[in-house]
Amino acid sequence: MNSIEFFFEDIKSVPIHEKILLLHLNSLIKNELKKTGDISVVFCSDEYLLEMNKEYLNHDYYTDIITFDYVEGETISGDLFISLDRVKENATKFEISVLKELYRVVFHGTLHLVGYNDKSEEEQQIMRQKENYYLSEVDFEGLEL
């Protein structure tokens with residue numbers, strides 16, 4: 001059976017409102033005309049993600065997300081590793097709630113899995129529009145991390 005699962009690797013678990021996030025991730029995938037496969041969303045620390053960045057991508061810097069793509073045809077599968085430390089810092093920087101930034105990053109990784117890139121300025125603009133669209137579909141009223 002295909003599923004989306006959430007894990008906390010080297011950090012304490014936080015209330016991500018799993019049912020709401022699942023609903024919106026499945027909606028995003030369906031809206032992009034794809035099928036949900038097996039997706040793991042792993043929340044971790046900066047240090048954990050930095051080590052992964054070094055080991056798997058040969059990058060020696062902090063990032064908010066690393067996406068491993070296991071997509072086969074129209075079925076979306078992959079692993080999203082997300083630094084909760086980066087998410088919190090970015091939420092402060094962009095003056096938005098931590099939960100909203102967390103959802104943005106999860107949507108960002110999922111958008112990569114459905115086929116969007118962010119290498120060029122044009123691609124980044126399209127990605128940001130998609131993130132904002134899917135964020136606008138979430139009612140964050142009364143939800144906190």
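Visitor: Is Phe68 buried or exposed, at its relative accessibility?

Guide: Burial is read from relative accessible area, where under 20% is buried, over 50% is exposed and anything in between is partly exposed (1.4 Å probe, protein chains only); Phe68, at 17%, counts as buried. Bear in mind that this is a predicted model, in which local features need pLDDT of at least 70 and side-chain atom pairs count only at pLDDT 80 or more, while totals for chains, interfaces and linings use all residues. Residues are numbered from 1 along each chain as its sequence is written, and side-chain values use heavy atoms, with hydrogens and water left out.

Visitor: How many aromatic pairs does a search of the whole structure find?

Guide: Rings of Phe, Tyr and Trp (its six-membered ring) pair if their centres lie within 6.5 Å, and planes under 30 degrees apart count as stacked, over 60 as edge-to-face and the rest as tilted; the search finds eight such pairs. Among them, Tyr56 and Phe68 are edge-to-face, with 5.6 Å centre to centre and 80 degrees between the planes. Helices (H or I, at least four residues) and strands (E, at least two) are DSSP runs numbered from the N terminus, and because Tyr56 lies in helix H2 (residues 46-57) and Phe68 in strand E3 (residues 65-69), the pair ties together parts that are 12 residues apart in sequence. Tyr56 is partly exposed, at 49% relative accessible area.

Visitor: Which residues form one aromatic cluster?

Guide: Tyr103, Phe107, Tyr133, Tyr134 and Phe140 form that cluster. Tyr133 is partly exposed at 39%, whereas Tyr134 is buried at 4%.

Visitor: At what angle do helices H4 and H5 pack?

Guide: Two packed helices are described by the angle between their axes and the distance between the axes. Here the axes are lines fitted to C-alpha atoms, for helices over the stretch in contact, and angles run from 0 to 180 degrees between N-to-C directions; H4 (residues 98-113) and H5 (residues 121-136) pack at about 125 degrees, with their axes 9 Å apart. Angles under 35 degrees count as roughly parallel, over 145 as roughly antiparallel, 65 to 115 as roughly perpendicular and the rest as oblique, so H4 is oblique to H5.

Visitor: Where is His108 found, and what is it in contact with?

Guide: His108 is found in helix H4 and is buried, with a relative accessible area of 12%. Contact means heavy atoms within 4.5 Å; leaving aside neighbours within four places in sequence, His108 is in contact with Ile65, Asp118, Met127 and Glu131.
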